[in-house]
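These are my notebook entries on one structure. I set down what I looked up, in the order in which I looked.

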Amino acid sequence: MKVAILDDYHDTLRTLECFRKLDGLDVKVWNDHVQDTERLAERLKDAEVLVLIRERTKIRAPLLERLPKLRLISQRSVYPHIDVEACTRLGIIVSSNMHAGTPSYATAELTWALILGAMREIPQQVEALKKGKWQAGFGNTVRGKILGIYGYGRIGQVVAGYGKAFGMKVHVWGREQAHAKAIADGYVGAKSKEAFFSGCDVISLHMRLVDATRGIVSAADLARMKPTSLLVNTSRAGLIEKDALVNALRAGRPGRAAIDVYEEEPVTDGRHPLLAMPNVVCTPHIGYVSREEYELQFADIFDQILAYKAGKPVNVVNPEVKPKSGSGS
């Protein structure tokens with residue numbers, strides 16, 4: 001069975017313990033990022049199984065229609081980058097464990113690192129010290145300030161707990177059910193979206209990007225934030241109205257941001273406007289990128305391949321699919 005793995009930027013997967021699950025299979029790992037249909041079709045022409053690392057590459061019908069040997073796409077988490085309807089039509093199984101009961105502690109930890117880093121201006125202090133300057137201004141502590149959690153799901157709940165441990169007052173805004181759970185957990189349920197954005201000192205976004213949440217944070221929301229406040233996004237860039245954050249930061253509300261996600265990834269030319277802003281801390285979508293998280297995620301992804309090979313596919317997103325002949329061979 002020929003397995004192709006895309007976008008393993010640093011050739012990390014071979015170093016994982018769980019990679020041994022693929023022993024005996026013909027595995028090809030690609031370390032660069034390619035989105036061009038022609039080049040991808042050539043690379044994947046013999047692949048029977050395609051492994052995706054999150055949403056790094058879009059898999060659409062024009063590509064899928066040129067991959068007659070492809071029988072399985074195995075990945076983890078949500079799949080807005082996959083044309084599932086085309087997969088079903090073409091007899092390609094999509095397996096994706098949605099890890100419903102397990103938060104990404106790696107993402108929650110990075111969120112907290114970004115909050116502390118941005119509030120205490122740690123990246124700026126490090127850079128200044130490298131240039132021979134001792135103490136470049138001063139930052140702010142988080143204790144006693146209001147942490148706003150927008151989206152009280154699995155990751156949001158963990159970040160709220162970190163905030164409480166650091167002596168912050170935690171306010172929550174989100175869907176009615178999540179709002180009620182946050183109150184039951186002892187946090188403050190914001191009275192309105194307007195009050196949430198205007199009252200919090202730090203706001204962290206923790207929602208999945210779906211049609212209903214795209215652009216859910218508007219320019220008007222950001223304009224309500226304090227000049228001293230911080231906006232953190234380790235979820236998806238599309239949650240914020242296009243161009244709204246850059247414009248809001250230029251206008252001084254919020255006063256700073258810490259960002260791990262971007263509309264178009266990877267960002268490799270250094271020209272993204274956020275990278276040029278001294279009041280923004282940027283990281284290259286590393287929320288989930290830790291060895292422990294990779295071991296957890298790819299154990300699932302590789303187990304899905306083994307289940308398919310055994311003729312018993314699991315975590316099937318499109319159960320109505322009629323698999324191509326020879327499936328599981």
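I began inside a sheet and found that the bridge partner of I149 in β9 is S204. The model is predicted, so to speak of local features I need pLDDT of at least 70, and side-chain atom pairs count only at pLDDT 80 or more, while totals for chains, interfaces and linings use all residues. Residues are numbered from 1 along each chain as its sequence is written, and side-chain values use heavy atoms, with hydrogens and water left out.

Entry on the sheet. I noted that strand β6 (residues 146-150) pairs with strand β9 (residues 202-205) in the parallel sense over four bridges. Two strands pair if DSSP finds at least two bridges between them. Strands (E, at least two residues) and helices (H or I, at least four) are DSSP runs, numbered from the N terminus. I then read the order of the open sheet of seven strands, with parallel pairing, as β8-β7-β6-β9-β10-β11-β12. Its edge strands are β8 (188-189) and β12, each of which pairs on one side only. I saw that α4 packs on the sheet and touches β6, β9, β10 (230-233), β11 and β12. Contact means heavy atoms within 4.5 Å. The direction of α4 makes about 150° with that of β10; axes are lines fitted to C-alpha atoms, for helices over the stretch in contact, and angles run from 0 to 180 degrees between N-to-C directions.

Entry on two helices. I looked up how α4 (residues 105-119) and α6 (residues 154-165) pack, and found an angle of about 40° with the axes 9 Å apart. I listed the residues in contact: Y105, T107, A108, E109, T111 and W112 of α4, and I155, V158, V159, Y162 and G163 of α6.

Entry on the backbone. I found a cis peptide bond from R253 to P254, with omega near 0°. P254 lies in the loop between α10 (244-251) and β11 (256-259). The peptide bond from E265 to P266 is cis, with omega near 0°, and P266 lies in the loop between β11 and β12 (280-282).

I also noted D11, which is not a glycine but has a positive phi of about 55°. D11 lies in the loop between β1 (2-5) and β2 (26-29).
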